Amino acid sequence: MKKLFSLLMVLVLSLSLVACGAKEDNNTNNTTDEANDTMLVGMVCIGNENAAYDRNFYMAADAAKEILAAKGINVEWKYTYDHPEGDPVANDCVELAEAGAKVVILNSYGMENAMMTVAEDYPDTVFCSLTNEGSSRDELANTVNAFPSIFEGRYLAGVVAGQKLQAMIDAGELDADKAVMGYVGAYTFAEVISGYTSFYLGAKSVCPSVTMMVEFIGSWGDPEKEAAAAQDLIDRGAVLISQHSDSTTPATTAQANGKLHVGYNISMIDVAEDASLISSRIDWTNYFVYVIETVANGGTVDQDYMGYGLANGDVVLTELNEKIAAEGTVEAVEAAKAGIIDGSIKVFDTTTFTVGGVELTSSLVDMTGDFVGDEGYDAVSNGQYNESSFKSAPAFAERIDGITLVNEAY
């Protein structure tokens with residue numbers, strides 16, 4: 001493997017990155033052993049060290065670094081922070097590539113367009129655009145994307161929620177028609193729709209009377225907006241809050257109101273121990289190891305990382321809050337997980353939901369997931385919507401019965 005710069009040059013360039021707005025990783029050991037080659041890997045982060053969404057990536061980076069070290073591949077991580085899109089993202093990509101990064105990871109949707117404006121200039125750096133899709137179809141060999149099948153984890157998290165609501169109904173603590181969930185959503189496109197629909201279907205599989213309201217905030221992460229949306233959903237009758245948003249304020253808002261919560265990205269039990277049941281998350285460890293090891297060995301990274309989820313550990317649940325979870329939840333989750341893996345349970349089983357009162361028999365989409373009239377890829381076959389079957393990024397954008405949208409502004 002090509003040897004990187006000397007220790008002195010690495011230190012000088014690291015200081016240059018700090019001066020340009022990039023920060024050194026405070027969570028990993030960045031010492032460089034002169035006796036060994038060390039691969040520099042960069043990550044452009046939508047948030048910062050304290051954001052729940054980004055912490056999920058730091059955990060995976062730390063785990064991957066340890067696994068790779070055992071394989072004889074030494075990694076130094078460098079992060080840039082608080083750049084969701086546009087020129088700052090492009091500048092981060094340039095700075096990291098020029099500092100010698102052989103892999104640059106962009107950790108959120110919205111960064112890809114800026115990255116693609118500069119990636120061609122650095123053919124020796126592999127740019128990984130996570131939770132995006134354009135890099136799977138562009139003409140650049142050094143741009144790739146990945147999106148594990150988080151809808152499977154969302155479904156399991158929904159089972160946890162449904163188990164709790166049904167237990168409350170069975171105990172006479174909640175009327176069946178009051179089993180209403182509220183969902184704080186970021187934007188009104190497929191990634192979010194796929195996520196909240198799979199969560200709802202998981203809950204419905206064990207609590208048939210459940211319904212759900214979704215309120216969008218027009219941002220991936222805005223603690224004040226997330227808290228306000230959660231509060232509004234509770235005021236409208238929600239007894240359980242879930243989220244596709246980046247902060248923990250939906251959890252703390254649920255706890256402040258004596259309601260329940262299911263999170264995303266990280267466990268939120270520490271901030272809402274009487275409310276938060278569990279979270280679903282993508283564990284990026286496997287992907288980081290795969291990409292870095294492939295590049296270190298001179299291989300070619302797959303253009304689109306598709307079809308990975310519960311079966312190989314890329315999608316997981318955080319610990320269950322047994323203090324408040326319903327009896328039998330562990331068994332219900334394990335049964336659902338086994339069913340998804342062996343194919344006996346289909347997350348988007350078209351017999352389990354309707355759209356406008358009728359069963360979904362066809363859903364024609366193009367490769368971006370947009371509806372295309374009478375031509376295109378039909379995602380429905382064999383009694384299910386085949387999510388993430390023709391691209392890793394979610395495509396499901398149907399508005400199914402049982403879910404009400406509070407707003408549609410975003």
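A nonpolar core is a set of buried Ala, Val, Leu, Ile, Met, Phe, Trp, Tyr and Cys residues joined through side-chain atoms within 4.5 Å. Buried means under 20% relative accessible area, exposed over 50%, and partly exposed in between (1.4 Å probe, protein chains only). The model is predicted: local features need pLDDT of at least 70, side-chain atom pairs count only at pLDDT 80 or more, and totals for chains, interfaces and linings use all residues. Residues are numbered from 1 along each chain as its sequence is written, and side-chain values use heavy atoms, with hydrogens and water left out.

The largest nonpolar core holds 114 residues. Trp77, Met181, Tyr196, Tyr287 and Phe288 touch the most other members. Helix 5 (residues 150-170) gives the most to this core, with 11 residues. Helices (H or I, at least four residues) and strands (E, at least two) are DSSP runs, numbered from the N terminus. A second, separate core has 17 residues, including Met213 and Ile234. Methionine 181 is in contact (heavy atoms within 4.5 Å) with residues that include Ala161, Leu165, Phe199 and Met213, not counting residues up to four places away in sequence. In soluble globular proteins, nonpolar side chains tend to be buried together.

Strand 6 (residues 143-146) is buried at each of its positions: Thr143 and Asn145 point one way, Val144 and Ala146 the other. Strand 6 pairs with strand 5 (residues 126-130) in the parallel sense, over 4 bridges. Two strands pair if DSSP finds at least two bridges between them. Phenylalanine 127 has threonine 143 of strand 6 as its bridge partner. Strand 6 also pairs in the parallel sense with strand 12 (residues 304-305), over 2 bridges. There, aspartate 304 is the bridge partner of asparagine 145.

The structure holds 2 cavities of 30 Å³ or more. A cavity is a set of points, on a 1 Å grid over the protein atoms alone, where a 1.4 Å probe fits but cannot get out; lining residues have an atom within 4 Å of a point. The largest cavity has a volume of about 120 Å³. Its lining has 14 residues, and Tyr53, Thr131, Glu191, His244 and Tyr264 are the closest to its centre. Helix 2 (residues 52-70) gives the most to this lining, with 3 residues. Volume here is the space filled by probe spheres set on the points, which are joined across faces, edges and corners.

Glutamate 224 lies in helix 7 (residues 223-235). Glutamate 224 is exposed because its relative accessible area is 68%.

Key. 1 Å grid on protein atoms, 1.4 Å probe; cavity = no way out; pocket = protein on both sides within 12 Å on 5 of 7 lines; lining within 4 Å.
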